[in-house]
Structures are given as structure tokens and as C-alpha cells.
Amino acid sequence: MEFALKFLPLAILIIPLVSFLIIIFFGKRLPRQGDWLGTGFLFLNLFLSLYVFIAFMSLGNYSITYDWFSLGANETKFTVGFVVDQLSAVMLIVVNLISALVHLFSVKYMEGDSKYSKYFAYLGLFTFSMLGIVITNNLLLMYVFWELVGLSSYLLIGFWYEKKPPQEAAKKAFIVNRIGDFGFLIGIMIVFYFIGNFAFSEIFSGISSGKIPSGWLTAAGILLFCGAIGKSAQFPLHTWLPDAMEGPTPVSALIHAATMVAAGVYLTARIFIMLSADALTFVAFIGAITAFIAATIALTQNDIKKILAYSTVSQLGYMIMAIGVGAYSYGVFHLVTHAFFKACMFLGAGSVIYGMHHIQNISEMGGLRKKMPITFVTFLISTLAISGIPFTSGFLSKDSILASTMAFGSINGGITIIIPIIAFLVAGMTAFYMFRLVIKTFLGEPRNKEKYDHCHESPLQMTLPLMILSGLSIFFFYSFNPFGAEGGWFINVLKSPESLLVGTKGAIYHIVSREEFHEALHHAHYPAMILSLVLAGLGILISFVFYFWNKVDTEKLKKALNPLYKFSLNKWYFDELYHYTAVSFVMGLSALASLFDKYVIDGIVNGAAYLTVKLSDFGGLFDKYVVDGLVNFTGGTVWVFGMILRKFQTGRVQTYIGFLVFSIVLLYFIFRWI
Amino acid sequence: MAELKILGIGVLSWMVFLPVLGMIIVLALPKSQTKAIKYIAAGFMVLLMFISVYMLANYDSSKAGVNSLEGLQFVEKVTWIDVDFPAAMIGKIHIEYFLGADGLSFPMVLLTALIGFVGAVASFSIKKNEKGYYAMYLFLITGMMGTFVALDFFLFFVFWEIMLFPMYFLIGIWGGERRLYAAIKFFLYTLFGSVFMLIVMIALFFSSKDPQTGLHTFNLITLMNPQTFPPESFFGVLGNTWRLLAFAGLFIGFAIKVPVFPFHTWLPDAHVEAPTAISVILAGVLLKLGTYGLIRISFPIFPDAARYFMYPMAILAAINIIYGALCAMAQKDFKKLIAYSSISHMGYVLLGMASLTTIGMNGAIFQMFNHGTITAVMFLMVGVIYDRAHTRGLYDFGGLANKMPKYFAVTMIAFFASIGLPGLSAFISESFIFLGGFNNEIIRIVTIVSATGIILNAAYILWTVQRVFLGELPTKWDGLNDISVRELISSVPLIVIIIALGIYPSLFINLMSNSVTQLISFIMK
């Protein structure tokens, strides 16, 4: 293999970091504050990662590892390294493509911002961190980049930190992610305890030789997955993601499509083969629950970005669920297709917000198709894709996932049937709320005439990324057969790896071989396709009935379903729940600890000091009256004698001589007498 | 026994007594020569850094040291006190001037030199009786440096006590409003701990019998050898009550310095009242003396007791981590918040030590160093804002990010380092500590509970960022200037080290890892 090619992935990783460093230090002094530099670097990166991918197709997997540091002579070695395989090769393209387009889009969108150069620097940092997650070949390093993604998201979500909501959102994103990372960290500890190494290859070979007992393996799998619950905004840690909409809209596109939320799915895919049956059950159910909750919330939201945010959460649930049911390749496939059409929608929303001068409420929009034709068409294509309409990429990936859940249900039976049921329900809801968004925004008549009149199509820097991304939502980029991904080149590249635990059984889950799964999948393919088309069509139809033809009075419907409507509108009250339980608990505990410290512990310390002082006061009194009394008594006696004797001190020599003589005579007699 | 000399005098003696020389010069200068005094003091600290770099160049990291005399480096050993009491029962008292360094102490020597320099530069803002201040400051460095390199218990104790005296005055004279209270609290608290140490020290002395000379000894290396205690002596039987009691007594002495819950309340008071530079020294170096004492004296002399008390120590560590973080969260004073975060982070050190695993112990020592650099920057940054605004109330600020961008950047790096962000040094040490704690089955659960500290830690730091830096700038702070060159000189070197060790930790780990391996294998034998 060519030397240069081998290290290309490393170059791809470093380039955005260089962009970050240059812009953060010299951005203000560069022409145009360095936006061209960041953007140019990313397009270069895109080119390089395409090259890596093509090379990978002919060369296959490879991985390079370096020593980082080691403890003692024969102790643990820590390594850094990267791997190029089907997963990372694909993700490199996705991340770089979207990041490059987001850079391009931002040039116009962020124009005139007071922190313009910083913004581009942070984008570079974000991309760097995400690329690190993608290419690393060991778990500890993944955690490293994982946290760096946390940092960059903090910086970007809170980019407009002069205002309160972005501050809160950034803080929330970081802390909620930390909760997931706590689990992730413990998972890493378990793996390290049994394997003594962090490299994926070592971990997997250790597991296949049975180094981790099965109970611990399940625990490790679930705990590692906790990291993904945080980053990919899965239930119950999904609440940060909608709030993260406070960041600039292109950032939302980046977070929701290519970085951050993709990281969780990516991690789950990376560790897929080591997940035990019970861990996979957990993953599948978390994914399904998330998909369902988010979809129900998205039904009633009115902020264009919030709807997209919940749809992202819901789709992420799909991906996680797909990996959970064993459809690794479809989960990742959906990650890729979703990345493109969701990025397109977010940038499209950005274009709308830009054109509407910072209006985000879809109730104030309407009729924008005339003013913003390019935005409209691209948005529509993406919406068709997310709704799973044939000839789109979304149809291919979503349909495969739905079929997989059916296959999963048929293999395992029992309670697992819930998963395909939820999956199909969500498909219908998705079509409904996405078309609700399109109709209310682009179709019908303008509801805010004034804003509408001032509205305009965005410039080419913004529409070009939209066109590229919506173009990538067409089926033939992934498979020449518009009705099935199977057999297409993409799925061929992205084959599911065989689980290390094939044949093992959990409480309700049986890990079957790939062949067996395919067999079931084959049977599920057509029923799933027909059912999903019917449900999607139904969703779209209802949406038109409600919002385009206005055949149903939605206000009345809201009243009729008031509790449910409120429940959805208020996001199932998760924020309130967390606020009144976890947050209040910790804050209360903190106040309590502080008071305890001040009054009890320091009270004891000061009390002890006080007692000592009092004791010494007592000692002082004793000293003064008893001890000193004796001393003074002695002194007094001496004093009295002194007073008397003083009389003899006359200062006259004659007197002294007289005394002297007297004394001598006296002494003479005394000694005589003795 | 490697030696290294400059002008015929051992390097460690230079490191210990050069500040005293500086102090004498400072005292000889007239009081009005404040500029000369400042620069002479700082100059001596620079000299100390040069010598430590020279030592670093000559340091052989393959040597382990700890309990083997051969593995020690830069050794200086001469008889100091040699008194014979022929008639009395005491016998011959033989005390040595015995200095040396190994992987446990050398990193701390480097830290002391580094933080000493940083503190000297930060002291330039002192405007009251500079002569006295710098004399005390230099004397303090001697006390700390001496404690780190002394290998004779008596000598160790002397330096330990020497350190108290300048610290008392530095807080008591140059401190804030409640400086006298804080200074006396610090002084008495530490003295209280010293009493225990003194008792154990004397007990060790009389119980010991140097296998070679047959005399009682204070030599720490000899005391680590179990043969030193005849079976009929106090500490002669491994695991006996006396040994456990002695360990507990020493632990209290050291725990007060760390500080370990519930002996920690002197620290927030001392920090809040101390001038910036002294807070930097206090958090940066002084606290490490406690944990250093544990691994230099308690653990190797009483390995049986260390194993016995592993679990209670881990519990105390967990309390420190979580309780410290919770208290930090409740603070309204910027400096007090950092003080409590210090308590929390020193808990990590104790946890790593209690794990009694190689990786955990490596993490603990590395964390001692990292906490030293990171917290030093944080206190410097608190000082920066206090010098300008004359308040430290977290709720008094807001919006400083745009007003003082450089200040914001430096503080953010220190803050995120304290959260344990990868790429910055504390990430490595904290990960080691957790991995070590988890690898020890006895304290595994405690470790998991402690790990929730990373969430609380992020919460209070980010909340602080929000209150101080984000949002709108109150109009009263329109006149604030960004961080000055002098302030950058004191903080940027630390930032560079924090980043460098985060990316390439071998720079540090190689210094200590052999000694740690030796220490752990000796304790677990």
C-alpha cells in the first residue's frame, strides 16, 4: 500500500484541527476573517475522504496503531490509532460532505455576526472531534473525541451566549451528555478490567475467547450504550436536543445530521458485535420508545426547528432500534440517508428563517413556495425522503428498517412484537407531521403578510448546499433498484458484521446468524413495504385534510383531545419532571451540604476552639487567683520585709558602717554560740 | 545512590536552601527597595526552575527508589544530630540530613519550583510591606521543598513545621478581612495534626532497630524495611493494633493537609482570606504534602494497615469528591467555589491511592501534579478579576466573555481541564484513578459512586462560566481591562503544561511509573 494513502485518514483528521487553530488565533487578521480557509479545508477534506473511500474499495480494511504511552515496563500500554473499514470509510464522506456544505451555507447565514471568525473556528473543532470518533480504533480514544464533541457542541449551541436561552441550552446539552458519559465511562472500566486493553480488535477477540463473563458483558454493553443515549438523544436523555436549537441553524444541521447525534449511533454500530442478547433488547427498546415519544411530540409543535429536532430524535430512535434488532447495516444506512435529508431540511429551515427575518413559528408562515422556490423544492424532496416515499433514499433505508423490525418480531415473538408495531406507527406519524410542516410553511396562503412581502429566496451560497443535499436524497445514489436497498452497492459495502455471540439467548431475544436473519427479512420485505406505504400515504393524506383543505377544524380537535394535545405540546412534561426531581434534588442536596459544612462541621471546629478558649480562660482565672495568689502572697511577704528593710537603706556611709559593725559583732556571737 | 552536585553542594540542598539565601538578601535590603526585592525573589525562583530543569536532564527514570536506597537519586546523606545519652534509657539519637528524590517526590519537586515561580510573579500585586512578604514567601518555599525531599522522618517533620510559620504570617498579615481567623484556624488545625504525627514518629523511633547498626532510627528507607522492627517491639507484628493505630494517627495528620472530610473546613477560609499568590501556593503545592506524606510515609511503612484501611479511605475519598462538589455548587463566592472544587479534586487523589493498584496510584500522583497546575490557574484567574473589580461574588458578574476575551480563553481552558476534558492533563489522571479504583474489587462500588462526581463537576463549573462570563455585561464593569502581560506570564506556562501533558502524558508518566510499580508491589507483597 502506498505510504501516503495509508496516512490519508490521519490528514483528514488533522485538517479541521488546523483550521480551528489558525482561525482561532489569527482569524481576525485574515481576509474575510478566515471563512474561506475553513470552508476550503473542508472541501479539501471531502475530496480526500472520497479518495480514501475509493482506495478502501480496492484495498479493504486496514488499521494503524501507535504507542501513546505506557505504565511501567511491562504494564498496560495505551495506544492511539485509526481504522479504515466499511463503517469509517462511509462516515468520513458523510461527515466531511455535510460539514463542508454547512461551512458554505454559514458564510452567508452568519454574515455580519460579531463573532464570525470564532464561529468558523468552532465548526472546525466540531468536525475534528467527530472525525476522531469516526476513525479511532480504540475505546478510550473514542471517549476522548466523544468529550471533545461535547465541548464543541457546548461552544456552538451557546454561540449566542449574550442571551439566556442559548446559555441554558448549551449547559444542558453538556451536563445531560455527561450523565450518559458516566455510564460510558463505567462501561469502559468494565471492558478494561477484563481485557486490559482499549483497542476494539483486542476487545472483540477477548470477548470471543470468553474473557468477559456474560453478566458483565451485558452490563458493559448497556453502559457503553449509555454514552449513545446521551449523544444520540435517546430516551430518557433526549431533552437536551430540542433545546440545542438555540444554536445558529447551520450548527443544528451539523449536530443533527453529521456530528454529535450521529456519534451515538456510530458507537452503537461499532460495539454491535459485542452486545449480548439482553443488551440488544435494551438497545432496541430504547430506540423504539424514543422514536415513539419524539414522534408524538413533533405532532403538535409550531417552531420549525423544534419540529425538525423532534423528528431527528425520532429518526435516531429508528437507527438505534435497527441496530438493536440486528439490522446493523440498515441502521447505519439510515444514518447516512437521514444525514443528508435532515441536513437539507435544517439548512432549508435556516433559509426560511433567513428569508423571513428570524421568524420560526410556522403558524406565521405559509405560501412561501412562491417566494422561495428552491428552498421549497429541496425541502419537499427531503420531506418525501423522511416520510419514506419511493424513489427517495429515505424509502430505501426506512423500509429496510421496518422490514427488519418485522423480521425481528417474527423470530423472537412474544413481547417483541411491540417493536414493529411502534416502528410502523411512527412511520405514519412522521409522514403526517412532516407534511404538516411543509403545508403550513410553503403551501396555502401567507398568514403574516408583512413578513411574507419582505421575504426573498436565499443567495446561491445557501441554496447550493440545499440542492446538493436534496439531490443526495434520490435513490440511485445508493441502489439502482428504487424498491429495495438489498443488492445495491451501498448495502453490499456496508455488510452487517456477524455478532460475536451468535446463538446466545437472552430473556426475550435470540441472536441469530446473518443468514437466518436474512431469511426472515426476505419474508417480511413485501408486507413491510406495503404497510409502510399505506401508513405514510395515510399520514400525508390526513395532513392535507387537516391543514391544506381545512376539512377538519383543528382547533376543535385540540379541544376534544385536550389532555393528549397538552401532553404532546408540553413534550410529555419531561423537562418539568427532571426539573422537579433530579435538578431540585441535586440543588437541594448542594444547599444542604453547604449548610452542613458551615454550621455542623465548622460549628464543631469553632465550638472546639471556643471550648479551648473557655478552658484556658478558666485556667487563666485559676492562674490569676490561685496560682498567682500564692505567688503574690510570697511576693507580698517579700514586699513587706522589703518595706521594713528599706528603712535601713539610708544612703549614709556612717549608718552602713554602723550596721556592718553591728552585724559582725552579731555574727561573732552567733558562731560562738554554735 | 546517584548524586548530583553544583559547586560541591548537592542539587537538592540547593533547591531547599536557595530560597533561604534569597530571604537573607531580601532582609538585608532596605524596605523601600520594593522593586529590587520583587525581582530578587522572582529571580531566585527562576534559579530554582533552572536547577530543576538541570535535575530533570540528569534524572534517570528507570530507577525506582521508594524503599531501595540504590534507586534513589540526588542523594545527600550526612549525620546531622548524633547525641549519646549514656545513662538515660533513650540511647543514642542519630538523625541524618538525608535528602533524595525518586518517582514519588521528584514530580512534586518540579511542581514546587514551577508553582513557586508562578506565585512569585503573581505576588507582584502585593503592595504592603513587600520586604516581609517576600522573605516569608521564600521561607515557605524552603519548607515545602524540604518536606518533599527529606528522607529522614525527623527532618521531614522539621520542614513540615517550618512551613507553617511563614504561611501563618502570609495569610495573617497580607490576607483579606477575616485574615486573622483564617490564619489561626490554619495554624492550629495543622498543628493539631502534627501532634499525631509527632507521636507516631517517636513511637516509630523507639520501636525501630536498624538491622545494620542496631540503633533506633528516623531513616524512612530503613523504617520501610519490616526487619527494622524487632518482633517484640511495638510495631513488630504485621497487622497488630499498634500498627493500625499508628497508621490512623498519621492519616489524621496528613488528612488535615489534604484536606480530607471532615477536616477540611480550614481550607475554604484560608483560601478566601489568603492573597492570590498564597492561594496558588496553597492549592498548588501545600495540599499535595498531605497526599505525598501518605505515599512516602504511611503506605510503605505500614503496608498492612494501608491494605486494611483501603475501604474506609475510599469512602472518605468518595465523600470528598461528592460532598466537595455539592458544596462548590452552593457557593456564591468565586474563590470559595474553587476552594471547594479543590477539596473535591483532592478526593480523586485519595481514591487513586486507596485503590492500591499501579494504574490508580499513577493516576493519583499525576492528579496531584495536574490539580496543582490547574487549580493554580483558576486561583490566578480569580485574582485577576478581584484585582480589577474588588469583588468575587459570582452574581456580581456576567458578560465578561466579550469584555475580556483573553481572560475568558485562559479561564475556560483551566475550567475545562478541571472538568476532565480530554486533551487536557486531568483527563488522563482522572481516568487512571477511576480505572484503578474499578480494578480493585473491594472499592469498585465506591469508585462508581465517586464517578458521579464528573457530572456534578461539569454542572458547577458550567454554571460558574454562565454566571461570570456569559450574558450581558453589567454597566458598572465597562471599565474593566483584559488580562495583563504579567498575569499572562504567570498563567500561560501552566496552560501550556496542562495541554502538553494532556496530549503527551508520557512526559510525566515516565518520571514516576517505575517508582509507582515498585511502591505498589511492595505494599501488596
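Predicted model: local features only at pLDDT ≥ 70, side-chain atom pairs only at ≥ 80, totals over all residues.
Local features need pLDDT of at least 70 and side-chain atom pairs count only at pLDDT 80 or more, while totals for chains, interfaces and linings use all residues. Residues are numbered from 1 along each chain as its sequence is written, chains are lettered from A in the order in which they are written, and side-chain values use heavy atoms, with hydrogens and water left out.

**Interface between chain B and chain A**

- Chain B contributes 60 residues and chain A 49 residues to the contact, where contact means heavy atoms within 4.5 Å.
- About 4700 Å² is buried between chain B and chain A, 71% of it on carbon and sulfur atoms; buried area is the accessible area (1.4 Å probe) that two parts lose on being put together, summed over both.
- Within chain B, the residues that lose the most area to chain A are F438(B), I455(B) and Q466(B), which together account for 12% of what that side buries.
- There is 1 salt bridge between chain B and chain A, and the side chains of K185(B) and D602(A) form a salt bridge at 2.6 Å, N to O, the criterion being a side-chain nitrogen of Lys or Arg within 4 Å of a carboxyl oxygen of Asp or Glu.
- On the side of chain B that touches chain A, helix α19 (residues 453-469) gives the most, with 9 residues; helices are DSSP runs (H or I, at least four residues), numbered from the N terminus.
- By class, that side of chain B has 38 nonpolar, 17 polar and 5 charged residues, where Ala, Val, Leu, Ile, Met, Phe, Trp, Tyr, Cys and Pro count as nonpolar, Asp, Glu, Lys and Arg as charged, and the others, Gly among them, as polar.

**Cysteines**

- The count over all chains is 0 disulfides, a disulfide being a pair of cysteine sulfur atoms within 2.5 Å.
- For C344(A), the closest cysteine sulfur is that of C455(A), 17 Å away and therefore too far for a bond.
- C344(A) is buried at a relative accessible area of 0%, and C327(B) is likewise buried at 0%; buried means under 20% relative accessible area (1.4 Å probe, protein chains only).

**Surroundings of S458(A)**

- S458(A) lies in the loop between α20 (449-453) and α21 (460-471) of chain A, and it counts as buried at 7% relative accessibility.
- Leaving aside neighbours within four places in sequence, S458(A) is in contact with S351(A), Y354(A), M372(A) and T463(A).

How values were computed: Helix = DSSP H or I, 4+ residues; strand = E, 2+ residues; numbered from the N terminus. Buried < 20%, exposed > 50% of the residue type's maximum accessible area, 1.4 Å probe, protein only.
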